[in-house]
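Hi everyone, thanks for coming.

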Amino acid sequence: MDRFIIEGGKKLKGSVRVSGSKNAALPIISAAILGSGKTVIHNIPNVKDIRTLVKILEYMGASVRFSNNTMEIDPSGIDRFTAPYEFVSTMRGSICLLGPLLAKYREAKFSMPGGCVIGTRPIDLHIKGLKKLGVDITIEEGYIVGKARKLKGTTVFLGGNFGSSVLATANVMSAAALAEGETIIEFASCEPEIVDLARFLKKMGAKIYGEGSHCIRIEGVKKLNGVEYSIIPDRIEAGTYVLAGCITSSAITIENFIPSHLLSFLDKIEETGIPFKTGTDFLKINNITSRWKPVDIVTLPYPGFPTDLQAQMTAFLTLADGISTVTEKVFPERFIHIGELNRLGANITLDGPKAIIKGVNKLIGAKTMASDLRASAAIVLAALAAEGETEVSRIYHLDRGYEKFEEKLNGLGANIRRIR
Ligand code: EPU
């Protein structure tokens with residue numbers, strides 16, 4: 001298993017370019033099977049989760065070519081409508097294939113994703129939405145088995161106890177694009193990744209209105225076409241590099257980044273007193289001359305503070321000049337990084353879904369273990385600022401979602417070695 005050895009305490013400088021969004025790419029690649037011809041998608045990050053989705057598509061019979069961040073998908077050979085446990089268990093996001101499969105082929109047998117270290121992760125909203133569209137769904141031996149004679153437009157409320165659901169919105173919107181009649185999704189997710197999926201579907205010929213709001217209306221069409229499309233930049237990767245600059249007090253520039261996709265995050269960075277400026281597609285951190293102020297964070301669905309930056313923000317706040325709090329309202333158990341950050345000398349305690357972070361003067365390198373994608377990124381950020389050497393084992397979690405992570409950070413002057 002690969003691990004990182006990180007020599008901390010280095011100032012970063014220069015610029016880093018953000019890759020395409022993993023969480024936009026997953027539902028868009030999945031929706032490509034709705035097209036009647038080949039689809040070409042650019043700016044796809046070459047990360048493990050994407051390669052797992054490709055394996056599932058190939059298993060189903062699709063032909064996929066992926067090189068230089070461009071993917072060509074030809075769905076014409078699909079003749080197996082099954083996603084087996086071996087694949088789904090390693091990548092929960094593959095659930096976004098369920099809606100497109102049912103819409104196009106009217107049948108699917110999909111392994112139940114199960115929980116993961118960030119929580120139990122139910123799929124009731126996906127099932128509710130697809131059932132309302134007319135799919136008959138049963139759970140058999142750990143599989144979701146769906147069958148439909150036809151999909152019919154409906155009104156569906158997709159809010160759950162923790163707000164809207166990103167991939168349930170993606171599944172229902174993709175399926176409704178080929179349903180008969182009009183579908184209205186109430187309490188839809190408004191994440192930029194959902195807007196990107198809607199734009200992609202519209203390019204294929206779908207009729208979708210209201211994306212980016214909590215109410216999306218879809219007029220079903222009979223056929224969708226293969227198209228050429230380019231994915232938006234990854235706002236979570238961008239936020240991670242912003243925090244790499246902040247935690248090491250380094251003046252760096254983040255390129256190919258849409259600041260308007262991260263307003264709640266940038267608002268909090270501003271509140272800490274970190275000086276930065278933004279343009280339409282970049283962010284530049286200016287000289288940081290003092291410790292930053294503590295802040296209180298609450299994660300929420302978009303446009304609230306993203307849960308996918310919670311762990312990295314927590315790492316940054318360990319060195320703030322005072323006490324911060326971080327309350328997790330999307331995945332209340334997503335705090336596995338805290339134990340590892342404390343191993344580096346942080347002072348974080350947990351009170352239910354709220355972390356209380358007492359800022360310390362310094363972090364000191366130690367042996368740590370990665371446990372989930374964003375938690376791993378948080379440990380790396382803390383290690384960059386820590387005195388001495390940090391070892392991060394099990395970095396396959398990072399490889400799931402960050403393209404060339406150590407290469408990009410080393411390009412900024414970090415000292416990260418991968419031991420294979
Ligand atoms: N939820 C339900 N029922 C459902 C679905 C979700 O109760 O049927 C709950 C979840 O348990 C959670 C909340 O609703 O408490 C929000 O979950 P959501 O469904 O929005 O999450 P997701 O769509 O499965 C995507 C991202 C996650 C990101 C979340 C929230 C992808 C592939 N995954 O997951 O990304 O954390 O939205 O923004 O898009 C990551 O990239 O590290 C990651 C985990």
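Let's begin at the ligand: a backbone N or O atom of L125 lies 2.7 Å from one of its oxygen atoms. Taken alone, the ligand exposes 830 Å², and the protein buries 91% of that; these areas come from the Shrake-Rupley method with a 1.4 Å probe, and for residues only the protein chains shown count as cover.

Before I go on, a word on where this comes from. This is a predicted model, where local features need pLDDT of at least 70 and side-chain atom pairs count only at pLDDT 80 or more, while totals for chains, interfaces and linings use all residues. Residues are numbered from 1 along each chain as its sequence is written, and side-chain values use heavy atoms, with hydrogens and water left out.

How many residues surround the ligand? There are 23, and the closest are D124, L125, S165, D308 and V330; to be counted, a residue needs a heavy atom within 4 Å of the ligand. By type, this shell divides into 11 nonpolar, 5 polar and 7 charged residues. Here Ala, Val, Leu, Ile, Met, Phe, Trp, Tyr, Cys and Pro are nonpolar, Asp, Glu, Lys and Arg are charged, and the others, Gly among them, are polar.

Which helices supply at least two residues each? They include α1 (22-31), α5 (124-132), α6 (166-176) and α12 (373-385). Helices are DSSP runs of H or I with at least four residues, strands are runs of E with at least two, and both are numbered from the N terminus.

Is S164 buried or exposed? It is buried, because its relative accessible area is 12% (buried means under 20%, exposed over 50%, partly exposed in between, with a 1.4 Å probe and protein chains only). Leaving aside neighbours within four places in sequence, S164 is in contact (heavy atoms within 4.5 Å) with L158, F187, A188, S189 and P301.

Finally, let's zoom out. The protein has 14 helices and 24 strands. Of its 420 residues, 57% count as buried. Along its principal axes, the C-alpha trace spans about 65 × 45 × 40 Å.

Definitions and conventions: Polar contact = N/O pair within 3.5 Å; in protein donor to acceptor, adjacent residues only side chain to side chain.
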